[in-house]
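Here is a short briefing on one protein chain. Look over the sequence and the model before reading on.

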Amino acid sequence: MSTPLETISKDATVREAARKMRQEDISALVVTTSPRAIVSSTDVLDAVADGADANELLVSDIMTTEVETAAPDLYMEEVAAMMTNYGINHLPVVDDDYVGMISSTDVTAQLT
């Protein structure tokens, strides 16, 4: 699990999100909204490939809402199953509030 959790505002531009992901060497950010949301490098790539202007487009325009989350006490196999079942690569870890992020890369490293 990656900690501390990296976040971004829904009002940030897609370019700002991409820069923060590159700077932190991560591929997803939690968006500070309610309900929970996430923006991933795939979301950014899809938007740019579709011709969007990353300087004008906001995170709120491309973020994923209704985000699946994991409890901190889940076994890695359970996390892997969730990612497979939902077709996702990132799961925010929540224990009342966000505590971190687990990625498919984390799962692969742990299980191999």
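How far apart are the mean positions of the positive and negative charges of the protein chain? They lie 11 Å apart, with 6 positive and 20 negative charges counted. Keep in mind that this model is predicted.

**Overall build**
- The protein chain has 5 helices and 6 strands.
- Along the sequence, these elements follow the pattern β-α-β-β-α-α-β-α-β-β-α.
- The radius of gyration is 14 Å, close to the 13 Å that the globule rule gives for 112 residues, so the protein chain is as compact as a globular protein of that length.
- Along its principal axes, the C-alpha trace spans about 40 × 30 × 25 Å.

**Surface, burial and contacts**
- The protein chain exposes about 6800 Å².
- Of the 112 residues, 37% are buried.
- Take the contacts between residues at least 6 apart in sequence: 50% of them join residues at least 24 apart.

**The largest nonpolar core**
- This core holds 15 residues.
- Ile-8, Val-31, Val-39, Val-59 and Ile-62 touch the most other members.
- Five elements are listed as giving two or more residues to this core: α1 (14-24), β2 (28-31), β3 (37-40), α2 (41-49) and α3 (59-62).
- The top contributor is α1, with 3 residues.

**A second core**
- A separate core has 10 residues.
- Its members include Met-76, Ala-80, Met-83 and Val-107.

**A closer look at Ile-8**
- Which residues does Ile-8 touch, leaving out those up to four places away in sequence?
- The partners of Ile-8 are Glu-16, Ala-17, Leu-29, Val-30, Val-31, Thr-32, Val-39 and Val-59.
- Among these partners, Val-31, Val-39 and Val-59 are also named with Ile-8 as touching the most other members of the largest core.

**A closer look at Thr-13**
- Thr-13 sits in the loop between β1 (7-8) and α1.
- Is Thr-13 buried or exposed?
- Thr-13 has 17% relative accessibility, and buried means under 20%, so Thr-13 counts as buried.
- Leaving out residues up to four places away in sequence, Thr-13 touches Ala-54, Asn-55, Leu-57, Leu-58 and Val-59.

Definitions and conventions: Residues are numbered from 1 along each chain as its sequence is written. This is a predicted model: local features need pLDDT of at least 70, side-chain atom pairs count only at pLDDT 80 or more; totals for chains, interfaces and linings use all residues. Side-chain values use heavy atoms; hydrogens and water are left out. Helices (H or I, at least four residues) and strands (E, at least two) are DSSP runs, numbered from the N terminus. The radius of gyration is taken over C-alpha atoms; the globule rule is 2.2 Å times the number of residues to the power 0.38. Buried means under 20% relative accessible area, exposed over 50%, partly exposed in between (1.4 Å probe, protein chains only). Contact means heavy atoms within 4.5 Å. Accessible areas come from the Shrake-Rupley method with a 1.4 Å probe; for residues, only the protein chains shown count as cover. Lys and Arg count as positive and Asp and Glu as negative; His and the chain ends are not counted. The place of a charge is taken as NZ of Lys, CZ of Arg, CG of Asp or CD of Glu. A nonpolar core is a set of buried Ala, Val, Leu, Ile, Met, Phe, Trp, Tyr and Cys residues joined through side-chain atoms within 4.5 Å.
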